[in-house]
Amino acid sequence: MTKALKFSTIYTASLTALVVARLIFGFVNLSDNISGWLFSTVMQCGFMGLMPLLMYRMRPKPDVSFAKAVGLKIPDITVILLSVAAGIIMFLVNVVVSSLSNALWEAAGYTSVNSSGTIYSGIEVFILEAVTGALMPAVFEEITHRGVLLGALDENGVPDFLKVLIMALFFGMAHQNVTQLIPTFVVGIIVSVLAIKTRSLIPGMIIHFLNNFLITLLNFSIQWSLSFAYIYAFVTNVMFMSNVTLAISLVGGLVLLSLLVFEMCRIAKASSGRRRAEAGDEYYGEILYDGERKKRADPAAVAMLAIGFAVC
């Protein structure tokens, strides 16, 4: 089995397990909160964490650890700090994107079914929501949708710009929610670029976590009348004051995000160059993100990814 086929098989198996789990949990008679927490734990830790790890360690025997293979490398502290800023801006940009997306689907005649949402009866509910709805997805979805999928695309010789589009599309489709497709696609574009250019999943994990966590914090703050809810209301009232302010908010946010991403990529490239200079001929780079090797598409691996897309 080639590396391309192996990573493609791991990714498609994870997506298939995810879909099956959704079907099974649809018949589980539990409260909304418990069902959501249990499903998220099984899906994230099991199908996007443990399953890829175990499948990766199967034959043919891997030549590097799973952590190194998927890009779990700590970047420079500056990149981490910039990722925090990017995560906050990403949250605000997605407020606008989600609003425009919902308006678009409504204009097309689609009506979403809104659930009652989480009832934050205590701080323990907030903590569980933050762990299962923000922390777990940030870690395990990035490992699967960026690390494993990027490994498959890289081994098939896919150009970087196509890698970004494919990973963002898969990421949006995997949520299997029409109203989430466009917002998750936008997030997917940003974190996919960072995964490729910084050679680390950590910046994307931080952005992913903050985007989800701030949504959880907002819902908690609204129900408990905390100050964050009033700050959010003030900021969004200014953003949505008119079509002009809405356009400025969206364009300005995207520009700021682009500048932050560009700076993180520049720092990562400079850091990588220093390591190459220090290591000399002994430096080989990361296995999955080594763009210097010429690779050809593996038909079997491409077919496996097509199956994965169909599953979504």
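Asn94 touches Pro183, Val186, Val187 and Asn211, leaving out residues up to four places away in sequence. This is a predicted model, and in it Asn94 sits in helix α4. Asn94 counts as buried because its relative accessibility is 6%, under the 20% cut-off for that class.

**The chain as a whole**

The protein chain has 11 helices and zero strands. Read from the N terminus, its elements run α-α-α-α-α-α-α-α-α-α-α. The C-alpha trace spans about 60 × 45 × 40 Å along its principal axes. The radius of gyration of the protein chain is 20 Å, which agrees with the value near 20 Å for a compact globule of 312 residues. Of these 312 residues, 46% count as buried. Among contacts between residues at least 6 apart in sequence, 81% join residues at least 24 apart.

**The pair α4 and α7**

Two packed helices are described by the angle between their axes and the distance between the axes. The axes of α4 (residues 77-107) and α7 (residues 178-198) come within 8 Å and cross at roughly 145°. The crossing in which α4 passes α7 is right-handed. On the α4 side, the residues that meet α7 are Met90, Asn94, Val97, Ser98, Ser101, Asn102, Leu104 and Trp105. Their partners in α7 are Val178, Thr179, Ile182, Pro183, Val186, Val187 and Ile190. By class, this contact of α4 with α7 has 10 nonpolar, five polar and no charged residues.

The largest nonpolar core has 37 residues. Tyr11, Tyr56, Ile143 and Leu149 are the residues with the most contacts inside this core. Two or more residues each come from α1 (3-25), α2 (32-56), α3 (66-69), α5 (123-155), α6 (160-174), α7 and α8 (202-224). The largest share, eight residues, comes from α5. Leu149 is in contact with Tyr11, Thr144, Met167, Phe170 and Leu305, leaving aside its neighbours within four places in sequence. A second, separate core of 24 residues includes Val79, Met90, Ile207 and Met264.

Arg22 lies in helix α1. With a relative accessibility of 29%, Arg22 counts as partly exposed. Not counting residues up to four places away in sequence, Arg22 touches Phe39, Met43, Ala174, His175 and Gln176. Arg22 and Met43 are 21 residues apart along the chain, and their C-alpha atoms are separated by 8.8 Å.

Gln176, one of the residues touched by Arg22, is placed in the loop between α6 and α7. Most residues other than glycine have a negative phi. Gln176 has a positive phi, near 50°. The relative accessible area of Gln176 is 32%, so this residue is partly exposed.

Arg199 also has a positive phi, near 60°. Its place is the loop between α7 and α8. Arg199 is buried, with a relative accessible area of 17%.

Met239 is found in helix α9 (residues 227-239), and it is buried at a relative accessible area of 8%. Leaving out residues up to four places away in sequence, Met239 touches Leu92, Val96, Thr245, Leu246 and Ser249. Met239 and Ser249 are 10 residues apart in sequence, and 6.0 Å apart in space from C-alpha to C-alpha.

Ala300 lies in helix α11 (residues 299-311). Ala300 is partly exposed, with a relative accessible area of 37%. Thr2 is 298 residues from Ala300 in sequence, yet the two C-alpha atoms are 9.3 Å apart.

The table sets out the pairs described above.

| Residue pair | Separation in sequence | C-alpha to C-alpha distance |
|---|---|---|
| Arg22 and Met43 | 21 residues | 8.8 Å |
| Met239 and Ser249 | 10 residues | 6.0 Å |
| Ala300 and Thr2 | 298 residues | 9.3 Å |

Methods. Residues are numbered from 1 along each chain as its sequence is written. This is a predicted model: local features need pLDDT of at least 70, side-chain atom pairs count only at pLDDT 80 or more; totals for chains, interfaces and linings use all residues. Side-chain values use heavy atoms; hydrogens and water are left out. Axes are lines fitted to C-alpha atoms, for helices over the stretch in contact, and angles run from 0 to 180 degrees between N-to-C directions. Helices (H or I, at least four residues) and strands (E, at least two) are DSSP runs, numbered from the N terminus. A crossing is left-handed if the near helix is turned anticlockwise from the far one by less than a right angle, and right-handed if clockwise. Contact means heavy atoms within 4.5 Å. Ala, Val, Leu, Ile, Met, Phe, Trp, Tyr, Cys and Pro count as nonpolar, Asp, Glu, Lys and Arg as charged, and the others, Gly among them, as polar. A nonpolar core is a set of buried Ala, Val, Leu, Ile, Met, Phe, Trp, Tyr and Cys residues joined through side-chain atoms within 4.5 Å. Buried means under 20% relative accessible area, exposed over 50%, partly exposed in between (1.4 Å probe, protein chains only). The radius of gyration is taken over C-alpha atoms; the globule rule is 2.2 Å times the number of residues to the power 0.38.
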